[in-house]
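I opened the notebook to look up how this chain is put together.

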Amino acid sequence: NKRTGGASPSRHPRARLHTLRSRLVPACMTVVSQASHHLSNRAKPAHSRPGACSRVAGPRVVTRRTNFVRSSWNTTAMADDGVSFVSAAQAKEIDEKLMGPEFGFSIDQLMELAGLSVASALCEVYPPRSHSRVLVLCGPGNNGGDGLVAARHLFHFGYEVEVCYPKRTDRPIYNGLVTQLSTLGIPFVDAETLRGGDPLVTTRDVVVDALFGFSFTGAPRAPFDALLELLNPRNSPPPIVAVDIPSGWSVDEGDESGEGMRPELLVSLTAPKLGAKTFKGPHHFVGGRFVPPAIAEEFELVLPQYMGSDQCARVSGLLTPGGGGFGFIKGPTMGGVLMKSPANESAEEAKRPPGYWDTSSDEDE
């Protein structure tokens with residue numbers, strides 16, 4: 001049929017596709033929601049285990065539910081969504097088990113896995129197309145090593161990365177991580193430059209807090225106290241990604257002073273720490289897919305499910321529109337893919353990379 005200037009806009013392929021999607025997506029969401037509700041009311045299969053993948057995920061992302069879970073020597077607290085929270089002492093015991101002769105992990109392996117989890121979570125929430133400038137603050141311990149690893153992965157993910165590592169640890173593992181960053185051309189910036197420069201929010205899009213981990217106690221000393229001050233809410237910093245526990249917080253009690261940093265994204269490693277129960281930010285992930293089932297069983301940990309090949313799992317918060325693909329939320333999913341609502345489509349289309357769901361090649365000439 002010959003097309004005329006008065007042809008209905010709905011005949012355009014893009015318009016037809018949009019109409020089709022606007023009708024099918026709500027229907028699919030209804031079906032999946034009903035299926036999820038049905039499955040959630042059935043008994044869990046006996047072979048469910050931490051880390052196992054699920055073809056249909058319901059409103060929760062945990063593998064089992066209890067009120068309290070006992071470890072080998074103490075009680076592991078549980079959150080409302082069923083994920084275990086461990087104390088600093090328990091986290092230390094788990095690390096010692098992992099690096100013991102029974103399981104054979106090394107410290108550099110754990111750093112690599114942790115850093116990859118941090119980079120993956122950051123990329124999902126703050127994709128490089130909208131948050132390309134990342135500053136990684138690294139402390140002198142293992143938490144700082146996690147940050148150095150994350151910086152390398154973020155570079156390969158397409159970010160413009162800077163690292164502040166003011167108190168370098170002179171050990172082969174850390175020296176190697178620094179060399180890896182240097183050969184990639186990743187610049188190192190000193191703490192004094194950050195203190196005397198422009199506000200971070202004007203020069204960086206995201207800051208990674210990898211200063212102190214679960215083994216740190218006491219008050220931060222120079223120059224870390226000044227770096228933490230830059231991240232204080234009164235200085236309006238850019239979005240903060242905290243590694244394992246926000247620096248300056250008590251590992252077991254959280255932000256006791258009420259005046260600490262307020263990260264938007266927390267990446268708990270192995271399992272969330274007790275102090276993370278006071279975390280009120282919009283995004284909380286766990287990076288602990290490397291935890292052997294025997295460790296989870298010995299400490300009776302309840303861990304989130306990890307979908308596909310993802311290295312981290314979301315345990316609270318919603319996806320940022322267009323924020324790096326699909327994630328794991330308290331909502332209807334199928335095969336780990338979030339069923340998005342049509343209301344969010346227009347906002348997300350503006351942020352999609354070229355060619356994503358592009359039907360221009362199907363248009364009639």
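**Entry 1: a helix pair.** I began with H3 and H5, and found that H3 passes H5 in a right-handed crossing. I note here that the model is a predicted one. H3 covers residues 107-125 and H5 covers residues 172-183. I read an angle of about 40° between the two, with the axes 10 Å apart. H3 is therefore oblique to H5.

Next I asked which residues make the contact between H3 and H5. From H3 I listed Ile107, Asp108 and Met111. Facing them in H5 are Ile173, Tyr174 and Leu177. Sorted by class, this contact has 5 nonpolar residues, 1 charged residue and no polar ones.

**Entry 2: the whole protein.** The protein has 10 helices and 12 strands. It has 365 residues, and 46% of them are buried. I also looked at contacts between residues at least 6 apart in sequence. Of these, 69% join residues at least 24 apart.

**Entry 3: the cores.** I then looked up the largest nonpolar core, which has 42 residues. Leu135, Leu137, Cys164, Leu194 and Leu227 have the most contacts inside it.

I picked out Leu227 and asked what it is in contact with, leaving aside neighbours within four places in sequence. I wrote down Cys164, Pro166, Ala191, Leu194 and Leu211.

There is also a second, separate core, of 35 residues. Its members include Val149, Tyr174, Ala210 and Val243. I had already met Tyr174 in the contact between H3 and H5.

**Entry 4: Ala276.** Last, I went to a loop. Ala276 lies between strand S8 (265-269) and strand S9 (283-287). Is Ala276 buried or exposed? Its relative accessibility is 4%, so Ala276 counts as buried.

I checked what Ala276 touches, not counting residues up to four places away in sequence. The list is Phe85, Ile245, Leu266, Ser268 and His284. I also looked up the spacing of Ala276 and Asp252. The two are 24 residues apart in sequence, and their C-alpha atoms are 8.1 Å apart in space.

Key: Residues numbered from 1 in each chain as written. Predicted model: local features only at pLDDT ≥ 70, side-chain atom pairs only at ≥ 80, totals over all residues. Heavy atoms only, no water. Axes fitted to C-alpha atoms, helices over the stretch in contact; angles between N-to-C directions. Helix = DSSP H or I, 4+ residues; strand = E, 2+ residues; numbered from the N terminus. Parallel < 35°, antiparallel > 145°, perpendicular 65-115°, else oblique. Left-handed = near helix turned anticlockwise from the far one by under 90°. Contact = heavy atoms within 4.5 Å. Nonpolar A, V, L, I, M, F, W, Y, C, P; charged D, E, K, R; others polar. Core = buried A, V, L, I, M, F, W, Y, C linked by side-chain atoms within 4.5 Å. Buried < 20%, exposed > 50% of the residue type's maximum accessible area, 1.4 Å probe, protein only.
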